[in-house]
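Please keep the sequence and the 3D view open while reading.

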Amino acid sequence: MADLDRSTMSRSQERTWSIVVHAAAFAGLLVPFGSILGPFIVWIIKKPESAEVDRHGKVAMSFQISMLIYVIIGVLLIRFVIGWALLIALGIFWFAMVLVATIRVANGRDPGYLFSIELLK
């Protein structure tokens, strides 16, 4: 109940910032580690204002960290050729999941990331 009391945003603002948390991962297309830094920065700044944005920040960060773990595994597997295929598949998967999650959140639904390890609760 305390989480509900901390919201200083309107429902519309919560949805907007929740969308931004997920979409900020696209910073990774321009900046090294931007896919983690983008959502992290938005989440850290906005989480004190809204339990909903805090929840979306945790989900987005868990997915981005999960993807980083999968990429590290792919890099380790490069010497076995399968690593290259895995990295290409992960890149396409990452882009699609961030896009789908952002659209889902914009429509008032949960992001629904697949293969995300729940790291932050």
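Helices (H or I, at least four residues) and strands (E, at least two) are DSSP runs, numbered from the N terminus. S35, for example, is found in helix α3. The model is a predicted one, in which local features need pLDDT of at least 70, side-chain atom pairs count only at pLDDT 80 or more, and totals for chains, interfaces and linings use all residues. Residues are numbered from 1 along each chain as its sequence is written, and side-chain values use heavy atoms, with hydrogens and water left out.

Start with a pair of helices. Two packed helices are described by the angle between their axes and the distance between the axes. Here α4 and α5 pack at an angle of about 170°, and their axes are 9 Å apart; the axes are lines fitted to C-alpha atoms, for helices over the stretch in contact, and angles run from 0 to 180 degrees between N-to-C directions. α4 is therefore roughly antiparallel to α5. On that scale, angles under 35 degrees count as roughly parallel, over 145 as roughly antiparallel, 65 to 115 as roughly perpendicular and the rest as oblique.

Contact means heavy atoms within 4.5 Å. From α4, the residues that meet α5 include F63, Q64, M67, Y70, V71 and G74, and among their partners in α5 are L86, L90, F93, W94 and M97. The residues of this contact divide into 13 nonpolar, four polar and no charged. In this count Ala, Val, Leu, Ile, Met, Phe, Trp, Tyr, Cys and Pro are nonpolar, Asp, Glu, Lys and Arg are charged, and the others, Gly among them, are polar.

Next come the pockets. Rolling a probe the size of a water molecule over the atoms shows where empty space is left. On a 1 Å grid over the protein atoms alone, a cavity is a set of points where a 1.4 Å probe fits but cannot get out, whereas a pocket is an open set with protein on both sides within 12 Å along at least five of seven lines; lining residues have an atom within 4 Å of a point. Grid points are joined across faces, edges and corners, and a volume is the space filled by probe spheres set on the points.

The largest pocket holds about 230 Å³ of space. Its lining has 13 residues, with S35, M67, L68, V71 and W94 nearest the centre. Two or more lining residues come from each of α3 (34–46), α4 (51–76) and α5 (82–106). By class, the lining has eight nonpolar residues, five polar and no charged.

S35 counts as buried because its relative accessibility is 18%; buried means under 20% relative accessible area, exposed over 50%, and partly exposed in between (1.4 Å probe, protein chains only). Leaving aside residues up to four places away in sequence, S35 touches A25, A27, G28, Q64 and W94.

The second largest pocket holds about 180 Å³. K58, V59, S62, S116 and E118 lie nearest its centre, out of 13 lining residues. This lining divides into five nonpolar, three polar and five charged residues.

Finally, consider the backbone. Most residues other than glycine have a negative phi, and most peptide bonds are trans. F33, in the loop between α2 (11–23) and α3, has a positive phi near 65°. F115, in the segment after α5, has a positive phi of about 60°. F33 is exposed at 56% relative accessibility, and F115 is exposed at 61%.
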